[in-house]
Amino acid sequence: MSDIKVVNYNKGKSDNKVAFVLSCPGQFEEQTGKLVARATGDNLEMLIERLHDSKPDVFRYTDRYDYRLTNSSNIVHYDALDGRSEPLDSEIKKPDNIKRLVSELSDMDYIITCGKKAQLAIETCKDAGSALSGKTIINIVHMGNRGVNSMRLQGAKYEGRKVSKDERIEYLAEKIIGEIG
């Protein structure tokens, strides 16, 4: 098992209380050793900027690396490596992985899951009776271009026209702010 590659979490600033949970590290995260690379990182950064503008008391920073960043699994997956771009549900649900996530997230007040794998991971943590049960957990789409562009936006202002990525990111920011209150 020594050939398994991992990229671990980004701790963020010590006074930050917001975590973003994504799926798993990929090829570019493996190359850089940093989470949330390329388009996913760019989209997350756009979202964070909007969140900061709307609620700076919670979203104090505009740089994604000032926040806690982690994944449903810290094992690297991409097509050329293992034929997958997502972790298996069984990988996510492993007790050691759940313990890792709880350890990384227990001091956060707000946990934003980005995608179904991240949501599964946090639900599994909560089902295991972890300290995450009392946290504010907000579920959104994966922040990759595919996830952002496949969102269904509700409301008359979006009907019958092509919606830009900026509008989609703004919609996500409004959803998150609405759930935080």
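A search of the whole structure, which is a predicted model, finds four aromatic pairs. Phe 20, Phe 59, Tyr 61 and Tyr 67 form one aromatic cluster, and the charged end of Arg 38 sits over the ring of another aromatic residue, Phe 28. Helices α5 and α6 pack against each other at an angle of about 90°, and Val 36 and Arg 38 each have a positive phi.

**Aromatic pairs and cluster**

- A pair of aromatic rings is described by the distance of the centres and the angle of the planes.
- Among the four pairs, that of Phe 59 and Tyr 67 is tilted, with 6.4 Å from centre to centre and 40° between the planes.
- Phe 59 counts as buried because its relative accessibility is 0%, and Tyr 67, also at 0% relative accessibility, counts as buried as well.
- Tyr 67 also pairs with Tyr 61, and here the arrangement is edge-to-face, the centres being 6.3 Å apart and the planes 75° apart.
- Tyr 61 has a relative accessible area of 17%, which lies under the 20% limit, and is therefore buried.

**Charged groups over rings**

- Lys 34 lies over the face of Tyr 65, at a distance of 4.4 Å from the ring centre.
- For Arg 38, the charged end is placed 4.0 Å from the centre of the Phe 28 ring, over which it sits.

**Residues with positive phi**

- Most residues other than glycine have a negative phi.
- Val 36, although not a glycine, has a positive phi of about 60°; its place is in the loop between α1 (27–32) and α2 (38–54), and with 6% relative accessibility it counts as buried.
- Arg 38, which is found in helix α2, likewise has a positive phi, near 55°, in a residue other than glycine.
- Arg 38 is exposed, because its relative accessible area of 52% is over the 50% limit.

**Packing of α5 with α6**

- Helix α5 (residues 95–105) and helix α6 (residues 116–127) have their axes 10 Å apart and meet at an angle of about 90°, which means that α5 is roughly perpendicular to α6.
- On the α5 side the contact is made by Ile 98, Leu 101, Val 102 and Leu 105, while α6 contributes Ala 121, Ile 122, Thr 124 and Cys 125.
- By residue type, this contact of α5 with α6 divides into seven nonpolar residues, one polar residue and no charged residue.

Key
Residues are numbered from 1 along each chain as its sequence is written. This is a predicted model: local features need pLDDT of at least 70, side-chain atom pairs count only at pLDDT 80 or more; totals for chains, interfaces and linings use all residues. Side-chain values use heavy atoms; hydrogens and water are left out. Axes are lines fitted to C-alpha atoms, for helices over the stretch in contact, and angles run from 0 to 180 degrees between N-to-C directions. Helices (H or I, at least four residues) and strands (E, at least two) are DSSP runs, numbered from the N terminus. Angles under 35 degrees count as roughly parallel, over 145 as roughly antiparallel, 65 to 115 as roughly perpendicular and the rest as oblique. Contact means heavy atoms within 4.5 Å. Ala, Val, Leu, Ile, Met, Phe, Trp, Tyr, Cys and Pro count as nonpolar, Asp, Glu, Lys and Arg as charged, and the others, Gly among them, as polar. Rings of Phe, Tyr and Trp (its six-membered ring) pair if their centres lie within 6.5 Å; planes under 30 degrees apart count as stacked, over 60 as edge-to-face and the rest as tilted. Buried means under 20% relative accessible area, exposed over 50%, partly exposed in between (1.4 Å probe, protein chains only). A charge sits over a ring if NZ of Lys or CZ of Arg is within 6 Å of the ring centre and within 35 degrees of the ring normal.
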